[in-house]
Amino acid sequence: MGDEIVICETCRSGVDAGAALADALAASCPSGFTLRRVECMSMCANPVSVAFRGDGRATYLFSGLNAGDLADIAAFGALYRAAPKGWIEDARPAGRLRHCLVGRVPV
């Protein structure tokens, strides 16, 4: 599988926010990641949802993201790639994203 960013492209917040963020991420996907679009991540109450996952690595689920979070998504991607088994100890460099964390699933 490799490292992936999974995004709900059907998330809506009055507009097609999920599709817009998916398109923006496709144009600037952080290095080393594959972007995977899915139809629903069951976070409808707080769109847009994004997950980071990889083989033998922790999985992180975020919600409440928008196109203004692209730089923080890239910063989190760099932290994730550098962290042993994807386990991030200090997410402050990821800016607002650290406050949008819904859950972390260990390996």
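This is a predicted model: local features need pLDDT of at least 70, side-chain atom pairs count only at pLDDT 80 or more; totals for chains, interfaces and linings use all residues.
**The overall fold**

The protein has 2 helices and 5 strands, and along the sequence they come in the order β-α-β-β-β-α-β. Its radius of gyration is 12 Å, close to the 13 Å that the globule rule gives for 107 residues, so the chain is as compact as a globular protein of that length. Along the principal axes, the C-alpha atoms take up a box of roughly 40 × 25 × 25 Å.

How much of the protein counts as buried? The figure is 41% of the 107 residues. If you take contacts between residues at least 6 apart in sequence, 63% of them join residues at least 24 apart.

Glu 4 sits in strand 1, which covers residues 4–8. Is this residue buried or exposed? Its relative accessible area is 8%, so Glu 4 counts as buried, the cut-off for that being under 20%. The side chain of Glu 4 has a partner: a polar contact of 2.7 Å links it to the side chain of Arg 53. Beyond its neighbours within four places in sequence, Glu 4 also touches other residues, including Phe 33, Thr 34, Arg 36, Ala 51 and Phe 52.

The loop between strand 2 (34–38) and strand 3 (50–53) is worth a look, with Val 48 in it. The peptide bond joining Pro 47 and Val 48 is cis, with omega at about 5°. Ser 42 belongs to the loop between strand 2 and strand 3 as well, and it has a positive phi even though it isn't a glycine.

Lys 85 has a positive phi too, again in a residue other than glycine. You'll find Lys 85 in the loop between helix 2 (70–82) and strand 5 (101–105). Here are the two residues side by side:

| Residue | Phi | Relative accessible area |
|---|---|---|
| Ser 42 | about 60° | 61% |
| Lys 85 | near 55° | 59% |

Why does Ser 42 count as exposed? Its relative accessible area is 61%, and exposed means over 50%. Lys 85, at 59%, counts as exposed too.

Terms used. Residues are numbered from 1 along each chain as its sequence is written. Side-chain values use heavy atoms; hydrogens and water are left out. Helices (H or I, at least four residues) and strands (E, at least two) are DSSP runs, numbered from the N terminus. The radius of gyration is taken over C-alpha atoms; the globule rule is 2.2 Å times the number of residues to the power 0.38. Buried means under 20% relative accessible area, exposed over 50%, partly exposed in between (1.4 Å probe, protein chains only). Contact means heavy atoms within 4.5 Å. A polar contact is a pair of N or O atoms within 3.5 Å; within protein, one must be able to donate a hydrogen and the other to accept it, and residues adjacent in sequence count only if both atoms are side-chain atoms.
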